[in-house]
Amino acid sequence: MNQKVLKTLEYYKIIDRLTDCAASEPGKKMCRELTPSSNFNEIVQTQTETADAVTRVRQKGSLSLAGVRDVRDSLKRLEIGSSLSITELLSVSGLLTCAARAKNYGRHPENMELPDDSLDEMFRTLEPLTNVNSEITRCILGEDEIADDASPGLHHVRRQMKITADKVHTQLNSILNSSRTMLQDAVITMRDGRYCLPVRAEYKSQFAGMVHDQSTTGSTLFIEPMAIIKLNNELRELELKEQKEIEMILAALSTELVPYIEPITTDFEILTKLDFIFAKAALSRIYNCSMPKFNRKGYIHIKDGRHPLLDPKKVVPINIWMGKDFDLLIVTGPNTGGKTVSLKTVGLFTLMGQSGLQIPAFDGSELSVFDEVFADIGDEQSIEQSLSTFSAHMTNIVKILNQADSRSLCLFDELCAGTDPTEGAALAISILSFLHNMKCRTMATTHYSELKVFALSTPGVENACCEFNVETLRPTYKLLIGIPGKSNAFAISRQLGLPDYIIDDAKTHLESNDEAFEDLLANLEQSRVTIEKEREEIASYKEEISRLKKNIEQKEERLDERKEKLLKNANEEAQRILREAKETADQTIRNINKLAASSGVGKELEAERTKLREKLDKVDKSLSLKNNKGPKKTISPKKLKIGDGVKVLTMNLKGTVSTLPNAKGDLYVQMGILRSLVNIKDLELLDEASVSGPGLDPAALKRNNTGSGKIKMAKSFSVSPEVNLIGMTTDEAMPVLDKYLDDAYLAHLPQVRVVHGRGTGALRAAVHKHLKKLKYVKEFRLGEFGEGDTGVTIVTFK
C-alpha cells in the first residue's frame with residue numbers, strides 16, 4: 001500500500017491510538033509497524049483474531065501484558081556463556097510472570113466445553129517455566145537487592161557484615177561520648193565507604209586517626225578513628241565477598257536459564273503478538289466497532305459508518321454501498337455538507353479493515369480487499385515546485401491513472417477543480433470514464449452539474465448527495481445514494497444576507513438548461529423529503545397498531561387465566577368445605593353410635609350415616625368432574641410428538657406419548673409402568689417443567705408394558721385417594737391401613753390422605769410408627785389448614 005494514501009486518509013492517527021492501547025513496548029512497536037495487507041486469507045485471519053480477543057475481553061475482562069520486555073539480546077548473551085545482570089534477570093522473570101498470567105487467562109472454565117478459537121493455540125504454546133521463575137523471584141527482591149537466603153555463602157557474609165557493623169557503631173559511640181568536646185557534631189558519618197567522626201580542626205593533633213575529608217570552610221575534619229580502622233577494613237573485605245557471592249548467584253541463575261532459551265524466545269514472540277491483538281480489541285471497544293465481512297468482488301457496503309476521528313457524540317452515521325450495481329459513485333452537494341468525510345470514511349475503513357482492525361460501523365458491514373487504495377484529497381499546492389493547486393492535483397491524478405487497475409479503490413475530492421469549469425468538467429468526465437472502463441471502484445466529489453448528468457446517463461455510474469437544510473443553513477451529514485445534490489449557492493447566499501437583486505441578476509447569467517436542471521433537482525429533493533415523512537408516519541402507525549393488538553391479546557389471556565383461577569379456587573374451596581362436613585358428620589355419627597349402642601338403634605343410625613356418606617360422595621364426585629372437565633387447551637394431532645409430556649385427566653396421572661394418534665384420536669400413553677390407550681380429547685399437554693412432576697417414574701418410562709400394568713390400571717380406577725380410620729382401634733386400623741397403602745402404591749397414586757382424627761392421639765401415633773417402617777413411603781406429614789389439620793396425615797410415595 002502506498003505511503004501517500006496512508007497519510008492522506010489519516011491512517012497514522014488511528015495507528016497512534018492503537019499504540020496507546022498496547023501495554024508493552026514490544027507490543028507498541030508492533031502496532032506502530034502495522035500496515036494494510038492485500039492477502040485475503042491473512043486479512044480474514046487477523047480479523048478473526050481481533051474478534052476472538054474482543055469476545056474474550058467481553059467475557060473475562062482485559063489481559064494485562066505490561067511486564068513484557070524484549071529479552072532477546074539477553075538470551076543471545078546466555079548463548080555465548082555470559083551471566084545476566086539483576087535487571088536482565090528481572091526482565092526475564094517479568095516475561096515468565098506475564099506468560100503464566102496469560103496462560104491462566106486463556107484457559108476455558110472446567111464446567112464449559114467451548115470450541116477452540118484462533119487464540120487458543122497461542123495460549124497453549126506458552127511455557128511459564130514456573131520453577132525457574134520462582135527461583136529468580138526468590139533470590140532477587142528488586143533491581144538493587146538480592147535476598148539474604150539466595151545462597152548459604154551470601155547469608156554467612158551478610159551475617160558477618162552485620163556483626164562487624166554493630167562493633168563499629170559500638171566503638172564509634174564510645175569514642176563519640178568520650179571525645180564530645182573535640183567533635184563539631186555528635187554524629188557518625190561516612191566518607192569513601194568508611195565510618196568517620198566530624199572533628200574540629202584545632203583538635204586534629206589530639207584525635208588519633210586517619211583524615212578522609214574536610215568541610216568547605218576547613219573548620220571540620222572527617223577522621224576515621226584509629227580504633228576502628230581494622231573493623232572498617234574487615235567490613236570492606238566483607239563487602240567485596242558479598243559482591244562476589246552475588247555474582248555467583250547471578251551466574252547460577254543464568255545457567256538455569258540456558259536450557260530454556262528457545263521457550264523463552266517463543267514466549268516473548270507470542271506475548272508480543274497477544275499484546276498487539278488485544279490492543280486491536282481495546283481499540284474496537286473504544287470506538288464500538290464491529291467485524292466487517294470481506295470479499296474479492298469489489299463490493300463495499302458500510303452500514304451506519306462513523307468516522308473514528310470525529311466526535312462520537314456529534315458524528316452522524318452514513319450508509320454507503322458501491323461495487324455491485326455500480327462501480328462509480330459521484331457525490332455532489334454544498335460545501336461543509338460532509339462529502340469529503342464520506343470519501344475519507346470509505347478509504348479509512350478499507351485501510352483499517354485490511355490491517356485487521358474492526359471498523360466503527362453496524363454489524364454486517366462489508367468491505368472488499370484491494371491491492372491499492374489511491375486518494376487525491378486536500379490542497380496539493382506546492383510553492384517549492386511552482387505548482388498551482390490544479391497542477392498539483394493533476395500530477396497526482398496522472399500517477400493514479402498509471403497505477404490503478406480493477407483491484408484498486410480510487411478516491412477523488414473536487415475532481416479537476418481549480419480551473420475553467422467547462423474544461424474541468426470535461427476532463428473530470430474523461431478521467432472517470434477511463435476508470436469506469438478499467439473497472440476500478442471509484443468515488444468522487446464534485447460541484448460540476450455536467451458530472452451529475454454523466455452519472456444519470458451512464459450505466460454503472462450512480463449519483464449521491466449530502467443532504468443540506470437550506471432553512472437552517474446546516475448540513476444533516478446524511479449521504480443519499482441515487483439522488484444528485486444541489487450546490488444551493490443562491491439559497492445560502494440569500495440566507496447570509498446577499499441582496500436579492502444581485503441574486504436575481506446572477507440567475508439571468510445561468511443558461512436555461514442549467515436553471516431547469518437545478519429546478520428539477522430541487523423538485524426531486526422536495527418530493528423525496530415528503531415521501532420520507534409519509535413513510536415514517538406509516539411506520540409509526542404500523543407500530544402503534546401492532547402494539548395495540550399485542551395489548552388486547554395480553555388482556556384476553558389475563559382474563560382467561562383469571563377466569564380459570566376463580567373457577568379452580570371455587571371448586572377447591574367447595575371440596576374443602578365438603579371434606580370438613582364429611583369429617584364432622586362421621587365423627588358425630590360415631591359418637592352417637594357409641595352412646596346408642598345399648599339402645600339397639602345402632603344399625604338404623606349406621607344406615608342413615610351410609611346414606612349421608614353416599615350423598616356427600618356424590619357431591620364430591622360432581623365437583624371433581626367440574627374441576628377436570630377437559631383439557632385447558634385442545635391438542636392438535638399434528639403438533640403431538642412421541643415423547644411429549646401429557647396429563648390423562650380421567651386418571652389424574654402424568655405420562656409421555658408412546659404412539660401418535662390414529663384416525664379416531666386414540667393413542668398409547670406411558671404413565672410410569674402403566675401403558676394405556678386413551679383418546680386425545682382426554683389429554684392435556686404439559687410443559688417441560690411439569691413432565692418430571694409427581695406421578696411419573698422417569699426410569700419406568702423406558703420399560704416395556706407388562707401384565708402388571710393392567711392390574712395397576714384397574715386399581716387406579718377403584719382406589720380412593722384417602723382412607724378413613726376414625727372409630728377403629730389401633731389393632732383394627734393397622735391391617736386396613738396396610739392393605740390400603742399397598743393398593744394405592746400399586747395404583748401408582750403419588751399421594752394419599754390417611755384420616756385418623758384427633759382424639760387421644762394414639763391412633764395417629766400408631767399410623768406414623770407404621771409409616772416409618774414402609775420402604776415405599778417417601779415422606780409423610782400432618783395436614784395443613786384446609787386439609788384436615790392434625791386429624792389427617794398426608795403420605796407421599798417414592
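## A walk through the side-chain contacts

The count of disulfides in this structure comes to zero, a disulfide being a pair of cysteine sulfur atoms within 2.5 Å. This is a predicted model, in which local features need pLDDT of at least 70 and side-chain atom pairs count only at pLDDT 80 or more, while totals for chains, interfaces and linings use all residues. Residues are numbered from 1 along each chain as its sequence is written, and side-chain values use heavy atoms, with hydrogens and water left out.

Let us stay with the cysteines for a moment. For Cys 21, the closest cysteine sulfur belongs to Cys 31, and at 7.9 Å that is too far for a bond. Cys 21 is partly exposed, with a relative accessible area of 22%; here buried means under 20% relative accessible area, exposed over 50%, and partly exposed in between (1.4 Å probe, protein chains only). Cys 465, at 3%, counts as buried.

Now to the aromatic rings. A search of the whole structure turns up six aromatic pairs. Rings of Phe, Tyr and Trp (its six-membered ring) pair if their centres lie within 6.5 Å, and planes under 30 degrees apart count as stacked, over 60 as edge-to-face and the rest as tilted. One of these pairs joins Tyr 11 and Tyr 12 edge-to-face, with 5.9 Å from centre to centre and 70° between the planes. Tyr 11 is buried at 0% relative accessibility, whereas Tyr 12 is partly exposed at 34%. Tyr 745 and Tyr 776 are stacked, because their ring centres are 4.7 Å apart and their planes meet at 25°. Tyr 745 sits in helix 22 (residues 730-746) and Tyr 776 in the loop between helix 23 (762-773) and strand 24 (777-782), so this pair ties together parts that are 31 residues apart in sequence. Helices (H or I, at least four residues) and strands (E, at least two) are DSSP runs, numbered from the N terminus. Tyr 745 is partly exposed at 37% relative accessibility, while Tyr 776 is buried at 16%. Elsewhere, ring pairs link Tyr 105, Phe 123 and Phe 278 into a cluster.

Rings also meet charges here. Arg 191 lies over the face of Phe 222, 3.9 Å from the ring centre, and Lys 324 lies over the face of Tyr 299 at 4.2 Å from the ring centre. A charge sits over a ring if NZ of Lys or CZ of Arg is within 6 Å of the ring centre and within 35 degrees of the ring normal.

What about charges that pair with each other? Side chains of opposite charge can pair when their charged atoms come close. The structure holds 22 salt bridges, each with a side-chain nitrogen of Lys or Arg within 4 Å of a carboxyl oxygen of Asp or Glu. In one of them, Asp 120 meets Arg 56 with 2.9 Å from N to O. This bridge links distant parts of the chain, as Asp 120 is in helix 7 (residues 120-125) and Arg 56 in helix 4 (residues 40-60), 64 residues apart. Both Asp 120 and Arg 56 are buried. Asp 70 and Arg 72 form another salt bridge, with their closest N and O atoms 2.9 Å apart; Asp 70 is partly exposed at 44% relative accessibility, and Arg 72 is partly exposed at 37%.

Lys 13 pairs with Glu 10, their closest N and O atoms being 2.8 Å apart. Lys 13 is partly exposed at 44% relative accessibility. Glu 10 and Lys 13 also belong to a network of salt bridges with Lys 344. In helix 2 (residues 11-21) you will find Arg 17, which is partly exposed at 35% relative accessibility. Arg 17 and Leu 283 are 266 residues apart in sequence, yet 7.5 Å apart in space, C-alpha to C-alpha.

Finally, a look at the backbone. Most residues other than glycine have a negative phi. Asp 304, in strand 8 (residues 300-305), has a positive phi of about 50° although it is not a glycine. Asp 304 is partly exposed at 33% relative accessibility. Glu 414 also has a positive phi, near 55°, and its place is in the loop between strand 13 (408-412) and helix 14 (421-437). At 22% relative accessible area, Glu 414 is partly exposed.
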